[in-house]
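This briefing walks through one protein model, topic by topic. Please keep the sequence and the structure in view while reading, and look up each residue as it is named.

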Amino acid sequence: MTQLNNTKNIYGNLKVSSIKSLVVGASIAALLASSGCATSSLLESDSRVTTKTVKQVLSQDQIIAFGRPAITLPDMPASSMVIVGEKNSYVLSQGGREMVTLLTNLTPKNIQVENDMAFNVPNNDGYFQGDMKLSYAKLKDEFNRSDYQFFLQNGGQDCTSASDQRINAQRFCFTVPVKGAIYPQVTNLSMIQSKYQALTKPYTVTFYSQSQQSEVTRSGKSGAEKLILLPFAVAFDVITFPVQLLDSVAN
């Protein structure tokens, strides 16, 4: 009798176990089926939404010259510098004094400005920020003690390239953080253009904004936005520096 009861218990346990296995199996199958449907739905969708940092070019301009306003502009420091463009004028409210120091104390023919200049306009309200980069190169035997002292005082970093070394030259690079405002085209642009030869390489300044956006891939790219000038800005004359940008910085 005891043996018979044991046999029944074993059979009963096996039956319960089998039922549980069937239930679990059915649940997993249902889960996989629903997951498969969701995956299929995702794969069959013809659009995707992603969040990423979008950089929107607002405007590009060709650089004509560097200079200073002929008169002090309202709300601008006396030492402000101007990047003279074909479309607009870009007045530096911060970093202008440092740039003026470099452009007026270094020999103009040895100055090279980085070809790729891009400034961020966070709110597209007429104000921009970024870095101005230039380099200064001469033959090593033409440098003197005062040159090196000037580099130390103004943040010059040795950036001598392989091509510089081949001709026994030395190069120093400067990076100046700047902020500024966008003004209308200078009133004496024609006179400035007549003084400067055509550049051997085009120097372009780019203004852009960037933001976190959700994009639908299939929607395509949005159209270019328009750069907004500083409200109430007025045109002005500019006194240019004797600097002609003839070549881009050597790599």
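This is a predicted model: local features need pLDDT of at least 70, side-chain atom pairs count only at pLDDT 80 or more; totals for chains, interfaces and linings use all residues.

Of the 251 residues in the protein chain, buried residues make up 34%.

**The chain as a whole**

- The protein chain contains five helices together with 10 strands.
- When contacts between residues at least 6 apart in sequence are considered, 78% of them join residues that are at least 24 apart.
- The accessible surface of the protein chain amounts to about 15,400 Å², and carbon and sulfur atoms account for 53% of that surface.

**The disulfide**

- The structure has one disulfide, which is formed by cysteine 159 and cysteine 173, with their sulfur atoms 2.0 Å apart.
- Because cysteine 159 lies in the loop between strand E7 (157-158) and helix H4 (162-166), while cysteine 173 belongs to strand E8 (residues 169-184), the pair ties together parts that are 14 residues apart in sequence.
- The link of cysteine 159 and cysteine 173 is right-handed, with 85° about the S-S bond.
- Cysteine 159 is partly exposed, with a relative accessible area of 24%, and cysteine 173 is likewise partly exposed, its relative accessible area being 24%.

**Aromatic rings**

- A search of the whole structure turns up 16 aromatic pairs, and one of them is formed by phenylalanine 128 and phenylalanine 207.
- A pair of aromatic rings is described by two values, the distance of the centres and the angle of the planes.
- For phenylalanine 128 and phenylalanine 207 these values are 5.4 Å centre to centre and 75° between the planes, and the pair is edge-to-face.
- Phenylalanine 128 lies in strand E6 (residues 127-139) and phenylalanine 207 in strand E9 (residues 204-216), so this pair ties together parts that are 79 residues apart in sequence.
- Phenylalanine 128 counts as buried, at 2% relative accessibility, and phenylalanine 207 also counts as buried, at 0% relative accessibility.
- One aromatic cluster is formed by Tyr136, Phe143, Tyr148, Phe150, Phe151, Phe172 and Phe174.

**Charges over rings**

- Phe143, which is one of the residues in the aromatic cluster, has the charged end of lysine 138 over its ring, 5.1 Å from the ring centre.
- Lysine 55 lies over the face of tyrosine 208, at a distance of 4.2 Å from the ring centre.

How values were computed: Residues are numbered from 1 along each chain as its sequence is written. Side-chain values use heavy atoms; hydrogens and water are left out. A disulfide is a pair of cysteine sulfur atoms within 2.5 Å. Helices (H or I, at least four residues) and strands (E, at least two) are DSSP runs, numbered from the N terminus. Buried means under 20% relative accessible area, exposed over 50%, partly exposed in between (1.4 Å probe, protein chains only). Rings of Phe, Tyr and Trp (its six-membered ring) pair if their centres lie within 6.5 Å; planes under 30 degrees apart count as stacked, over 60 as edge-to-face and the rest as tilted. A charge sits over a ring if NZ of Lys or CZ of Arg is within 6 Å of the ring centre and within 35 degrees of the ring normal. Contact means heavy atoms within 4.5 Å. Accessible areas come from the Shrake-Rupley method with a 1.4 Å probe; for residues, only the protein chains shown count as cover.
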